[in-house]
Amino acid sequence: MKIIKLHDLYFKPFINKDEISKIVKQLALEIKADLPKDEVPIFVGILNGCFLFAADFIREYKGDCEVSFVKLASYEGTSTTENVKHLVGINEDLTGRTVIILEDIIDTGNTLQEIYNIFRDKNVKQLKVATLFFKPDVFKKELPINYVGKDIEDKFIVGYGLDYNNLGRNYPEIYQLTTQPKMKNIVLFGPPGAGKGTQATLLKKKYDLLHISTGDVFRFNIKNETALGKLAKSYMDQGDLVPDEVTINMLKAEVEKNADANGFIFDGFPRTESQAIALDEFLSEKGESINGMVALEVPEDLLVARLLERGKTSGRTDDTDEDKIRNRFNEYNTKTAILKDFYQAQGNYYGINGVGHIDEITARLSEVFDTL
Ligand code: AMP
C-alpha cells in the first residue's frame with residue numbers, strides 16, 4: 001500500500017484488507033449471536049458508502065436474512081434552512097420486523113438521526129444500527145449504536161466504499177488524509193554487480209537525493225569494529241543476508257539521521273519481502289512513500305564476470321570467491337527477486353536494461369527518475 005492522491009488531497013494507508021475482513025466477520029458473528037434463532041432480519045444498507053461493507057457483511061452472515069438498500073435524499077426547500085430528508089428505496093412492509101441498519105461510518109450522527117426519524121413511523125419490531133467505523137470524539141447524538149466494527153480518530157478516510165468528492169470508493173483498503181509527501185524515494189534494484197552503487201553515486205548528485213547503501217553501512221561498521229559490524233561480518237563473509245531485524249533497524253536509523261533530505265536512493269534495501277513491508281510502513285508513518293522501484297536488469301553470467309573483475313580492486317572478500325558469489329545470487333534469487341512482484345503489484349516497478357556503457361545506463365535511469 002502506498003500514498004494515493006484523490007483530486008487535490010493525499011491519503012496514506014490506514015487499514016488493510018485483512019483487518020477489514022476480520023472486523024466485518026466479527027460484526028456478522030456478533031449480530032447473529034444476539035438474534036433469536038429463527039429471526040429473519042432485514043439488513044438495510046445506507047448508500048452509497050456502505051455498498052462494499054454490506055456486500056461483504058451479508059456473505060459473512062450465517063443465517064436467513066433479507067437485504068435492502070436505501071439512499072437518503074434531500075428536498076431542497078425554498079428557504080435555505082429548510083432541508084427535508086427522505087429515504088429512497090424502501091418498499092417493503094417493515095411492520096413487526098427486525099431492521100438492522102448497515103452504515104459504513106458514523107461521525108456526527110446527523111445522517112443517523114434522519115434515518116431514525118424515518119424508521120420511527122414504520123412500526124418495526126426493533127431497529128438496530130451496525131457501523132463499520134465510528135468516530136467517538138465527534139458523535140453528538142443520544143442515539144444507540146448497537147454494533148461498532150472499529151472506533152477511529154476524527155480524521156478523514158477514504159476507500160472500501162468511502163469517497164472524497166466521489167473518488168476513492170474502489171480501493172479495497174482504507175486510507176487516511178495526510179499531508180503532501182515532500183520526498184522522492186527510489187529503490188534502486190538489481191542483482192549483485194548490476195551497477196546499483198555506481199549509478200546511485202551519479203544519480204544522487206543529479207537529483208539531490210541521499211544514497212543509502214546498506215552494504216556500505218555494514219562495511220563501514222565492520223571496518224570500525226562496531227557491535228553491528230561484528231554481527232554482520234559472519235553473514236556477509238559467506239554471502240548470506242544479514243537478519244531482517246538487524247538490517248531494518250539500521251536502515252531506519254540511517255533515514256532518521258537525515259530526516260530533512262529531499263529523498264533517498266535505497267541501494268541494497270529492501271532485499272526481502274519483510275524488509276519491503278517494513279519500509280512501506282516506516283515511510284507511511286512519516287507521510288512519505290516509495291515513488292518507484294527502478295531495477296537494473298542484467299544477465300547472471302555477465303554479473304559473475306563483473307564481480308570477479310571488481311574483486312581485483314574492491315578489497316571485498318565476497319567479490320573474490322566464486323562460491324560466495326554464487327551464494328549471493330542464490331540469496332538474491334530465492335529471497336530478493338520476488339520483490340519485483342511486490343512493487344509490480346503496487347504499480348511501482350520500472351525495469352531498465354542494465355547492459356551498456358555507464359552513461360548510457362544513467363540516461364535510461366534518468367528517464368524514469370524524471371517521471372517519479
Ligand atoms: P551489497 O554491498 O549490497 O552487495 O551487500 C553486501 C552484503 O551485505 C550482502 O551480501 C549481505 O550480506 C549484506 N546486506 C546488505 N544489504 C542487506 C539487506 N538489505 N538485507 C540483508 N543483508 C544485507
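## The largest pocket

Let's start with an open space: the largest pocket of this predicted model has a volume of about 860 Å³. Here a pocket is an open set of points on a 1 Å grid over the protein atoms alone, with protein on both sides within 12 Å along at least five of seven lines. Its volume is the space filled by probe spheres set on the points.

The lining of this pocket counts 40 residues, and G193, K196, R310, R316 and R328 lie nearest its centre; a lining residue has an atom within 4 Å of a point. By class, 17 are polar, twelve charged and eleven nonpolar. Helix 5 (214–223) is among the elements that supply at least two lining residues each, and helix 5 gives the largest share, five residues. Helices (H or I, at least four residues) and strands (E, at least two) are DSSP runs numbered from the N terminus.

Strand 13 pairs in the parallel sense with strand 11 (residues 186–189) over three bridges, where V187 stands opposite F266. Pairing requires at least two DSSP bridges. Strand 12 (residues 210–213) also pairs with strand 13 in the parallel sense, over four bridges, and S213 stands opposite D267.

## About the numbers

Residues are numbered from 1 along each chain as its sequence is written. Local features need pLDDT of at least 70, side-chain atom pairs count only at pLDDT 80 or more, totals for chains, interfaces and linings use all residues, and side-chain values use heavy atoms, leaving out hydrogens and water.

Key: 1 Å grid on protein atoms, 1.4 Å probe; cavity = no way out; pocket = protein on both sides within 12 Å on 5 of 7 lines; lining within 4 Å. Nonpolar A, V, L, I, M, F, W, Y, C, P; charged D, E, K, R; others polar.
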